[in-house]
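Keep both open and follow along from one region to the next.

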Amino acid sequence: MNLFPIFANLAGRRALIVGGGVVAERKAALLLSAGAQLDVVAADVTALFGKWIAAGKARHCAEAFDEQQLDGCWLAVAATDDRRLNARVAAAANARRIFVNVVDDPSLCTFQVPSIVDRSPLMIAVSTGGAAPMLARLARERIETLFDHSWGTLAGLLERARARIRERYASLPARRRFYETLLRGPVMRLAAARRFDEANAALDAELAGSSSSSGESQIPDSDLHPLPENGSVTLVGAGPGDPGLVTLNALRALNEADVILHDRLVSPDVLDLARRDAERIDVGKIVGKHHTPQAQINELMLAEARKGKRVVRVKGGDAFIFGRGGEEIEFLREHGIRYSIVPGITAAIACAAYAGIPLTHRDYAQSVRFATAHRRRSESDGDALTAAGETLAIYMGVAEAAPLRDRLFADGWLADTPFAIVENGTRPEQRVVLGTLAELVERVQAHDVHAPALLILGAVAALAAQNHWFAATPVDK
Ligand code: SAH
């Protein structure tokens with residue numbers, strides 16, 4: 001081991017920082033958040049330092065460094081751009097056995113500041129011992145995605161209950177099991193949903209329930225914390241295909257899943273992000289190509305959740321935009337299954353961006369509407385889709401281009417309105433076909449456009465010709 005890792009308690013303890021620029025400022029901010037009493041030595045300080053000093057958080061103790069300023073300090077930071085001065089600070093600190101960090105000069109440091117993931121009171125620190133600070137930073141970024149902020153909430157709750165937990169689970173293995181089940185149970189879920197009072201109450205219930213003063217040894221291990229009776233369902237919008245468009249929350253849900261139920265539209269690249277040993281069920285395959293027996297999917301979700309599993313229901317784009325997410329949560333609610341929802345980037349937003357089409361534009365479009373070409377039969381025809389200065393994004397529209405065009409004409413859209421069809425939006429094979437409404441059917445046929453494809457109608461659609469940046473160049477013939 002190159003370096004010994006420690007977490008230092010600096011609350012109310014003096015620390016000296018030499019330097020008043022932006023680099024010093026970053027270190028100072030960290031020291032202040034740990035509650036250190038900060039002495040700053042610098043001829044000039046940044047505006048933020050100025051604020052800290054004015055607010056009494058830091059003390060501007062001198063313009064020039066003097067060894068005596070180190071007396072009474074617990075640690076020191078040299079963060080000036082003068083290497084010789086930094087070396088003097090380091091030498092003086094060493095002489096006094098005060099830990100010192102010299103910014104950008106590991107050879108002079110007696111302590112280093114790690115990259116951190118701050119979920120206070122949970123703190124994860126990463127270091128390569130100066131070997132490759134950039135690698136530590138990259139590691140930190142990865143870890144950052146794994147722990148959402150509810151870990152901090154949870155750690156805070158547990159801090160409060162620490163004594164009771166120790167009392168209730170005296171042995172280390174029992175305590176370990178308790179913590180493990182806690183991460184899967186209602187306390188964590190409520191913390192993640194930011195329902196603090198309920199999370200607290202659930203923790204209290206957990207500690208009060210099934211307790212026996214006669215000692216845990218009488219209870220078989222497996223009975224201490226059986227899986228929660230019901231699991232939960234997370235409805236995840238996985239975006240249009242590019243795995244880079246998956247949100248951090250979606251990634252976390254995929255990482256924690258026991259069972260993943262996904263549609264055909266969810267790209268394999270996205271599913272690759274999921275936990276390896278999660279069971280995957282392609283509900284698109286199960287239900288066949290034609291009618292979607294939503295009831296069958298609902299029953300499957302219910303059955304898995306009732307086994308105590310964490311079910312992740314993954315949908316293309318966003319679950320609440322032509323994704324039947326509303327129906328699924330109604331069903332879950334009626335059956336008392338807990339759910340949470342992770343929004344996704346819907347096809348219209350993503351396809352427009354990847355084709356260079358601003359859906360609204362001060363000059364061309366003041367509003368945007370998401371519509372589907374499929375309608376329930378009971379709906380009356382002829383409720384106008386059009387409005388001046390509006391962009392219309394039509395989902396599931398290209399399969400029946402002719403009736404769609406006719407309806408758009410009937411609704412008052414003009415023959416020369418520009419359209420853009422984005423097929424396989426955000427995927428490497430993305431194609432964009434441009435034209436005017438009069439040419440829609442002919443273009444769809446000429447280019448053999450297939451699902452998934454999105455139709456964008458309105459003046460902004462024409463901007464793809466000049467703004468495009470992703471994959472194949474748009475075609476307009
Ligand atoms: N919930 C999804 C939409 C499901 S409806 C969402 O929010 O995006 C299915 C329709 O979405 C497809 O017929 C197509 O019109 C559109 N779509 C989904 N992914 C797409 C993609 N990668 N490229 C183009 N259109 C897409």
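## Starting point: arginine 119

Let us begin with arginine 119, which sits in strand S6 (residues 115-119); helices (H or I, at least four residues) and strands (E, at least two) are DSSP runs, numbered from the N terminus. Arginine 119 counts as buried because its relative accessibility is 3%, where buried means under 20% relative accessible area, exposed over 50% and partly exposed in between (1.4 Å probe, protein chains only). Its side chain makes a polar contact with the side chain of glutamate 144 at 2.7 Å, and the arginine 119 side chain also reaches the backbone oxygen of aspartate 148 at 3.4 Å. A polar contact here is a pair of N or O atoms within 3.5 Å; within protein, one must be able to donate a hydrogen and the other to accept it, and residues adjacent in sequence count only if both atoms are side-chain atoms.

Leaving aside neighbours within four places in sequence, arginine 119 is in contact with Glu144, Phe147, Asp148, His149 and Gly152, contact being heavy atoms within 4.5 Å. Glycine 152 is 33 residues from arginine 119 in sequence, yet the two C-alpha atoms are 4.4 Å apart.

## About the model

This is a predicted model, in which local features need pLDDT of at least 70 and side-chain atom pairs count only at pLDDT 80 or more, while totals for chains, interfaces and linings use all residues. Residues are numbered from 1 along each chain as its sequence is written, and side-chain values use heavy atoms, with hydrogens and water left out.

## The parallel sheet

Next, look for an open sheet of five strands in the order S10-S9-S11-S8-S12, with parallel pairing; two strands pair if DSSP finds at least two bridges between them. Its edge strands, each pairing on one side only, are S10 (279-282) and S12 (338-342). On average, neighbouring strands are turned by 20° against each other, direction ignored. Helix H13 (residues 294-306) packs on this sheet and touches S8, S9 (259-262), S10 and S11, its direction making about 150° with that of S11. Axes are lines fitted to C-alpha atoms, for helices over the stretch in contact, and angles run from 0 to 180 degrees between N-to-C directions.

Helix H10 (residues 248-256) has Ala250, Leu251, Arg252, Ala253 and Leu254 as its buried residues. Their cover includes helix H4 (133-146), S8, S9, helix H11 (268-271), S11 and S12.

## Lysine 315 in S11

Six bridges join S8 (residues 232-237) to S11 (residues 310-315) in parallel, and glycine 237 has lysine 315 as its bridge partner in S11. Lysine 315 counts as buried because its relative accessible area is 2%. Its side chain reaches the backbone oxygen of glycine 323 at 2.6 Å and makes a polar contact with the side chain of glutamate 328 at 3.1 Å.

Which residues have the most contacts inside the largest nonpolar core? They are Leu408, Ile421 and Leu440, in a core of 20 residues. Such a core is a set of buried Ala, Val, Leu, Ile, Met, Phe, Trp, Tyr and Cys residues joined through side-chain atoms within 4.5 Å. Strand S14 (390-395), helix H16 (401-410), strand S15 (418-423), helix H17 (440-446) and strand S17 (453-457) each supply at least two of its residues. Apart from neighbours within four places in sequence, leucine 440 is in contact with Ala401, Arg405, Phe419, Ile421 and Leu455.

S17 is covered on both faces, with Ala453, Leu455 and Leu457 buried on one side and Leu454 and Ile456 on the other. S14 pairs with S17 in the antiparallel sense over three bridges, with alanine 393 opposite isoleucine 456. Five bridges join S15 to S17, also antiparallel, and here glutamate 423 stands opposite alanine 453.

## Around the ligand

The ligand has 19 residues around it, of which Asp318, Ile321, Thr346, Gly425 and Ala453 come nearest; a residue is near if one of its heavy atoms lies within 4 Å. A polar backbone atom of methionine 396 is 2.9 Å from a ligand oxygen.
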